[in-house]
Amino acid sequence: MSKSADNAAKELDAVLDALQKSLLEASEEDVVKELRAAGVDPLKAMEVMTFAEGNAIDEHFCRIRERLAQQRADTMRKIKGVAGQLPLSKSEKLDLLKSIYAKNAQTMTTQFRDLTSLDNLGDAELSSMLQQLAALGYFPHADGNGG
Amino acid sequence: MSEDKDPDCASEAEVRSAIAALGAQKLKLLTWGKTLLWTYGAFAEGREPEDLYQEALKRTWERKRKWKPKNCSFVEHLMGAMKSIASHLPEKYGEDVRNVPLRGSDLADSSGEDENLVDPIENVASNTLTPEEELAAKQALDRIEKLMEDDEEAFSVLVLLAQRKTEPEITEDLNLPRKSVHAAIERIRYKISKTAK
């Protein structure tokens, strides 16, 4: 084989490809025999591999849970952060909500588009909606580039 | 598992089914892991074959390593992923094996899509090897070569395999029956498997 390190990776790759092909073609009986000859208990090996599967799935879902928890925390922070920026009076809140609605009518979700009785919303509901809209990025910024 | 818009890429349900259907094929994957860890010697110290398997599965779940059923079977996909993970150990941890972490889950970078973990079918000619990887490959070849030096026929086959010769070409070059070449490759595989811990 080549003594040059430059070609070694390609050569090793070719050898491993051939070994992989050979292993894929091998019968299960032969693989079991080989493992036994190497001192490996096939049943125990199956258990170990199944355990590794469980770990892989657990780790994956753990990461998803962490990501979702992080997203939720970020959203809650945004919602809380905007609370202090809301107008104090109900009418100002209603005006703000209407202006956001008018500006973003095309992109609003069905839930918001279908709201036809904004005037009947209570102060708490208005605040909650504005906070949620802020979390979704619809809240106008101080520089006037909201939505 | 995040959804992917690539229509050739297996869905979460397909991956689930494929894992559930692996059955005794897992023993092949374990054997493959043993082979890879023995091949990469010191860089694989403290590692177990199931660590490579676990990492390959995790990367498939996370679509950092995409399985395209049209291109290869699930076992081939996992073998490719395991090989890729093992071959990048020298690059990731350098020459000092003390840098190698002891947990399988730390084998590869967990953030984002790992561009180095490419499907061999998708990226046959990757020229992104580091000096550490090249050196590790050379050391690995030396190990295999040394292991087979008492089997002249298998050794000759090994040398030609490294030159990317196919079985029919090797048959012709060595003037051997095809089944002898096939058996020689099996002996190489078997000997590594037996020698590997």
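Predicted model: local features only at pLDDT ≥ 70, side-chain atom pairs only at ≥ 80, totals over all residues.
## Basis

Local features need pLDDT of at least 70, side-chain atom pairs count only at pLDDT 80 or more, and totals for chains, interfaces and linings use all residues. Residues are numbered from 1 along each chain as its sequence is written, with chains lettered from A and ligands numbered from 1 in the order in which they are written.

## Chain A

Chain A has 6 helices and 0 strands. Helices (H or I, at least four residues) and strands (E, at least two) are DSSP runs, numbered from the N terminus. The pattern along the sequence is α-α-α-α-α-α.

Of the 147 residues in chain A, 19% are buried. Buried means 20 or more other C-beta atoms within 10 Å of the residue's own, with C-beta atoms placed from the backbone.

## Nonpolar cores

A nonpolar core is a set of buried Ala, Val, Leu, Ile, Met, Phe, Trp, Tyr and Cys residues joined through C-beta atoms within 7 Å. The largest has 59 residues; Val15(A), Tyr40(B) and Ala86(B) are among those that touch the most other members. Helix H1 (residues 5–25) of chain A gives the most to this core, with 8 residues. Apart from it lies another core, of 8 residues, including Leu96(A) and Ile100(A).

## Contact between the chains

The contact (C-beta atoms, placed from the backbone, within 7 Å) takes 45 residues from chain B and 35 from chain A. H6(B) gives the most to the chain B side, with 9 residues.

Definitions and conventions
Buried ≥ 20, exposed ≤ 12 C-beta atoms within 10 Å, placed from the backbone. Contact = placed C-beta atoms within 7 Å.
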